[in-house]
Amino acid sequence: MGGTKLKLRRIQWIQVVLAVSVVLAVTACAKKKPPAPPPAPPPSPAPTAMLTANPNAIVAGQASTLTWRTDFATDVSIDGIGKVDPSGSMKVTPSDSTTYRLVAKNDTGSKEATARVTVTPAPPPPVTSSTPSESDAQLFSQNVKDVFFEYDSSEITAQYHSVLQANARFLQQHPNITFVIEGHCDERGSTEYNLALGDERANAAKQVLVQQGVSGGRIRTISYGKEKPFCTESTEECWQQNRRAHFVYGK
Amino acid sequence: MAADADIFPHEHYSRLPIVGSLALHMVLFALAIFGNLIPSGRGENWGGTEGGGGAISATLVSSTPLPNPQTESQNVLANESKGLSQSLPKEAPQEEPKAIPIPAPDAKQKAPHESAIPKKEPPKQVAKAEPNQIPYGQGGPVSGPYGSFTSGATKGGFGFQGGQGDFGSRFAYYVDIVRRKVSENWLKYEVDPRINDARRVYIYFEINRSGQPTNVRVEQTSGIPSLDQSAVRALQRIDTFGPLPAGYPGNYVAVEFWFDYRR
Amino acid sequence: MKRFAAIFLSAVIASAAFGAPPPPQDWIRTGTGLGVEKIRLAVPDFKTATDPDSKKLAATFNVTLWNDLQAAGIFDIVSQSFYPLSAPGVPQEVRLGEWAAPPPNAGMLVFGNVAVQGGSLAVQGWLYDVKNAQSPQVLGKQYREDANDDNARLIAHRFADEIIFRLGGGIPGIAESRIYFVSSRSGAKEIWQMDYDGANQKQITHLGTMALSPHASPDGSRIAFSGVSNVEWQILMYSLELNRAVSFPRFQGTNLSPAWSSDGKWLAFSSSRAGDSEIYVADVMGSNPRRLTNSKGPDVSPTWNPKTNAQIAWVSGRTGLPQIYTMESDGTNVVRMTDQGYAVSPSWSPNGQLLAFAWVRHYGPGAPGASDIYVMDVASKQWVQLTHDGGRNDFPTWSPDGRHIAFQSNRTGKTQIWSMLADGSQARQLTTAGQNSQPNWSFK
């Protein structure tokens, strides 16, 4: 009598323990394993900050992309925008020339970075164009896709050839759009060689577009080598993400 | 780049009992490991005979175990004169040490300077202890403790003929520099590897004011052209030994470099 | 039994392949006195007066002198614990016997005195040949500058260079040379400079975009570098005398990695003005560029043979992964130097005989990307590996004396500038703030 009751309780107890451990195991597995912590930074280093605007000269109505990167900062904000992530980018469409100021703070001190966007008044809208230029930028980013490369290669593979063809079709429908193709590389190689390789990648993409009938005068190319990566992990996925020709709207 | 390895073909698979087989394998094992140390006139097989970049691993000189060339232990008197090693010691020159370019106030210091340095009488000719040392007759003795030259088993010396025959005693540090630089630049592998020892070779050259070796010539050949040439090339490789010491009045100093090659 | 024997035989073969010492190797001479015993140099602290100014500057002087002589690569500095208790300040106080005998057992002695008199720093220094009692003096020098810390360091550099010049066989010391490099510590990648030992780090450019690949002119008056200007990569020129950018022609395409010939007449660089990046040579004003290479794939990072200016080494991806090539300075006689892997960033040694470069000998997808600094003898293609720490080591640059190499390494977690002797020893870190890369050692 007492014995069975005890046994039941024990079974229940075991079940509870099992259930709890299963739950713990599941949540532990589900929880993403944090990456190995970087070597501890020296106590309270001063923050660093960098802010760029690309392009830094626009016509009124066009957009510019602010890109910023900070290190060691706990509080980062940009005048006129507010609190932002420590690193990131965002499009802005100032109507007048503006100097954007970024302030990165931590308990040691703060660092500022500025970027200026010069705005020239909009030219009279071309008669033929009926689309306002703001949505051009949006359409551009929706329809013009980046292409990716194999390691150490600037060859456009068949898969990305069709992507470029699709890009070309959009660009031919919007003949007033000008843009930049940026060539990027993954972090593994050497600075100078990667700048040259990125240059080849940007040019390769440009060549395909030109063959498809897009006027070369609308296209500027620049290589950033491995200097402006899209991600910074040392993994095959991130490296593939960085080996690309990146399309950017505007001058 | 894997090291060359001699794989000795095991031609007869022995059916001897295990012990015999093991013993044989041990012998082969030892041979395979140490066989590479047997000099095999392999000669010059470096470089890219196979076009498209036959890059080959090499080692830096420091890892090559050169024997300690510390022959300074035999403090032989600095002396320029040719002839037997038991030459009379020349007393040190009494000219004021012009080497100090520090102006006048030091004039007072010169007298005490000379007497302050105890005149070390040169340790007696320990040269006899050193078997293949100073030659009889031509060749000139080593200058001070620095003029002797060693590389591997090869021994030699420098004779400086300049000034009043006291170059080596006054500017021993310069002699040392010459010795070092020639040592550094003498590539023994340029000598035919079949040569194990040779007759003495005498190389003559001059060092001009700015330290460049000039007028390099073989004064007495060893009879082996590759040996003579390796010495001449060592000197040609040297751009400068550094300017001649300020206290030396001549425009150049003549040097005789001799050595007995031993592999 | 048969199986046992087979296993044993394969073990023998395996150990023969890997365990046997390689046959006696040919060797490369990097001119650091390797294989020849180094001069044993005793460097006691210079004597100084008791006032605090003198003591402070003497301390700076002593540390700098010691470090310069230590870093020279040709001396064996005798440890201070072996020195006799009283160090000489003037020649009368020298007792050679004390220094020549063990424990110091020195070959040469450096001594002197430092004093501050009326706002002026006065230093007297001597170099004595300890083993030559009859005429020990090799050098005697006197210096006088305004009394401040920078001058204490400057005098020490000068005196160390004199000693190195005398005892090192006529090759000037590098204590007053500079290293130019790229630093991100201001927020953007800019060109900076520092003394050869990492002191006096100063920002030079303030472009705010991206400045890379600095190369100082042979006379030290200008720095050529590649920078983003108006969304293009151009060769930009900065005058150190005027402290501002000076004009240089703009070319189409991406223009990178400028390199000066040692006679100050030519500039080689990489340009994709014709579509694909190739090596060009122009005069130092940028006029009359001539194309030297003509092949697919990136061609970048040229370096001149500074002894003859008749050859250029550079990096080409014409066969796939980048390799090092050499050619005559008119573009003929192209020779491939590396045979595998990923080889970049060549730098030609001042004596014209060696190439330093960064190499990943086994490179491929998934490879960790570790690269090391190697030195190769140009004539024989024999090479030696200098770094072995498994990190990323790149951009070697030779010092003017040919005995040191500066390079970038991420072995501490961030990319920093390091320097080492040309045999790979005595590596030391020169920078710490931010990320620092692409060092370029001045020509003198």
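This report describes sheets, a chain contact, a helix pair and a hairpin in a predicted model.

**Sheet in chain A**

Chain A contains an open sheet built from five strands, ordered E2-E8-E7-E4-E5, and its pairing is mixed. Strand E2 (57–59) and strand E5 (82–83) of chain A each have a single partner strand and stand at the edges, so one side of each has no neighbour in the sheet. Inside this order, strand E4 (residues 75–78) of chain A runs antiparallel to strand E7 (residues 98–105) of chain A, and four bridges join them. Within that pair, Ser77(A) has Val103(A) of E7(A) as its bridge partner.

E1(B) runs parallel to strand E26 (residues 382–385) of chain C, with two bridges between them. Ile56(B) has Gln382(C) in E26(C) as its bridge partner.

As for chain B itself, its secondary structure amounts to five helices and seven strands. Read from the N terminus, the order of these elements is α-β-β-α-β-β-α-α-β-β-α-β. Chain B has 263 residues, of which 31% count as buried. Of the contacts in chain B between residues at least 6 apart in sequence, 73% join residues at least 24 apart.

**Contact between chains A and C**

Chain C brings 35 residues into contact with 24 residues of chain A. On the chain C side, at least two residues each come from strand E11 (211–216), strand E15 (255–260), strand E19 (299–304), E23 and strand E31 (436–441). By class, this side of chain C has 14 nonpolar, 17 polar and four charged residues.

**Helix pair in chain C**

Helix H2 (residues 52–71) of chain C and helix H4 (residues 149–167) of chain C have axes that come within 8 Å and cross at roughly 35°. The crossing of H2(C) past H4(C) is right-handed. H2(C) contributes residues including Leu57(C), Phe61(C), Leu65(C) and Asp68(C), while those from H4(C) include Ala152(C), Arg153(C), Ile155(C) and Phe159(C). The residues of this contact comprise 10 nonpolar, three polar and three charged.

**Strand E8 of chain C and its partners**

Strand E8 (residues 178–183) of chain C is mostly covered, with six of its six residues buried. Arg178(C), Tyr180(C) and Val182(C) point one way from E8(C), whereas Ile179(C), Phe181(C) and Ser183(C) point the other way. E8(C) pairs with strand E9 (residues 190–195) of chain C and is also joined to E31(C). The table sets out these two pairings.

| Pair | Direction | Bridges | Residues opposite each other |
|---|---|---|---|
| E8(C) and E9(C) | antiparallel | six bridges | Arg178(C) and Asp195(C) |
| E8(C) and E31(C) | antiparallel | four bridges | Ile179(C) and Trp441(C) |

E8(C) and E9(C) form a hairpin with six residues between them. In the turn, Gly187(C) has a positive phi of about 115°. The other partner, E31(C), is also one of the strands that supply at least two residues of the side of chain C that touches chain A.

Definitions and conventions:
Residues numbered from 1 in each chain as written. Chains lettered and ligands numbered in written order. Predicted model: local features only at pLDDT ≥ 70, side-chain atom pairs only at ≥ 80, totals over all residues. Pairing = 2+ DSSP bridges. Contact = placed C-beta atoms within 7 Å. Nonpolar A, V, L, I, M, F, W, Y, C, P; charged D, E, K, R; others polar. Axes fitted to C-alpha atoms, helices over the stretch in contact; angles between N-to-C directions. Left-handed = near helix turned anticlockwise from the far one by under 90°. Buried ≥ 20, exposed ≤ 12 C-beta atoms within 10 Å, placed from the backbone.
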